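Open the model in your viewer and switch to a cartoon view. Keep side chains ready to display.

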Amino acid sequence: MESFGVRLNRMTAARGPLCVGIDPHAGLLERWGLSNDIEGLTRFSETVVEALADRVAVFKPQSAFYEQFGSKGLAVLESIIRQLREAGALVLLDVKRGDIGSTVAAYATAYLDPSSPLYVDAITASPFLGVGSLAPMFDLATKNGGGVFVLALTSNPEGRSVQHAVAADGRTVAQTVIDEISQVNAGVTPIGSMGLVVGATVGDTGHDLSKVNGPLLAPGLGAQGGTARDLRTVFGSAIGSVLPTYSREVLGKGPEIAGLRAAADRALDDVRAALSAVS
């Protein structure tokens, strides 16, 4: 199977460099006039698929909003994953898993093995137990043409106390994560399949992303405060590898199909303008 990096490049070239987060939290369901239950979750998810599945390159469902409804919620998640992939989109499941040994291997199987009902193109992962502990995820992703996006510089204020802490070698924890993912991707062409999560609102942190050679997921655009212009400040010379991510800015324009499509188109226009200004 082709690598995730190759498939991501091809999909963003065809549909544009945009990822839409699918975050059906209670407030958004209410805004859509839906109930915060399995019926509302199903209606919401099906509407997003109908409106955008064949138009957007990457979708990032937040697993927690489905897990909270138990097996019925997971059944909805399995269904939309399948529908999105059948429409040609890539699915990046936001699960932020991380562990060691057989446990992290089981997480990898759950999401990155084609035999799993939750099989997706890529997942998010937490490196708190050490980037090396995620090796089973990297290995299975590589085997099956998948990707892993590791948390590096998140936009929540609590994250700085850990991510900006300085280790004995003088690097921050975040830079250590960045450098280790750079090593995993070293020499891969055109781009590696192991990426990083770097919030679009973190500003100029002084971290070096230039050698990552992998995709850089940039959540936080739109309603969360980040703008497409901020990408230049955050990512610098690595901006060509950025996958900009919008959620509420797009989903908040539902439940009308036309509203969702127009919002996704505006987001993509903003991103393209920002990226072309850099190049």
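This is a predicted model: local features need pLDDT of at least 70, side-chain atom pairs count only at pLDDT 80 or more; totals for chains, interfaces and linings use all residues.

Now widen the selection to β1 (residues 19-22) and β8 (residues 242-246), which pair in the parallel sense over 2 bridges.

Next, show the strands. There are 8, closing into a barrel in the order β1-β2-β3-β4-β5-β6-β7-β8, with parallel pairing. On average, neighbouring strands of this sheet are turned by 30° against each other, direction ignored.

Select α6 (residues 101-112). This helix packs on the sheet and touches β3 (90-97), β4 (122-125) and β5 (147-153). The direction of α6 makes about 155° with that of β3.

Move to α7 (residues 135-144). Its buried residues are Met-137, Phe-138, Leu-140, Ala-141 and Asn-144. They pack against β3, α6, β4, β5, α9 (173-185) and β6 (194-198). Step past the end of α7 to Gly-145, whose phi is positive, near 70°.

**Finish with the rings**

Look for 2 aromatic pairs in the structure. Select Phe-4 and Phe-149: the ring centres are 5.9 Å apart and the planes stand at 90°, so this pair is edge-to-face. Phe-4 lies in helix α1 (residues 4-15) and Phe-149 in strand β5, so the pair ties together parts 145 residues apart in sequence. Phe-4 is buried at 2% relative accessible area, and Phe-149 is buried at 0%.

Now select Trp-32 and Phe-44. Their ring centres lie 4.4 Å apart with planes at 45°, so the pair is tilted. Trp-32 sits in the loop between α2 (26-31) and α3 (38-52), and Phe-44 in helix α3. Both Trp-32 and Phe-44 are buried.

How values were computed
Residues are numbered from 1 along each chain as its sequence is written. Side-chain values use heavy atoms; hydrogens and water are left out. Two strands pair if DSSP finds at least two bridges between them. Helices (H or I, at least four residues) and strands (E, at least two) are DSSP runs, numbered from the N terminus. Axes are lines fitted to C-alpha atoms, for helices over the stretch in contact, and angles run from 0 to 180 degrees between N-to-C directions. Contact means heavy atoms within 4.5 Å. Buried means under 20% relative accessible area, exposed over 50%, partly exposed in between (1.4 Å probe, protein chains only). Rings of Phe, Tyr and Trp (its six-membered ring) pair if their centres lie within 6.5 Å; planes under 30 degrees apart count as stacked, over 60 as edge-to-face and the rest as tilted.
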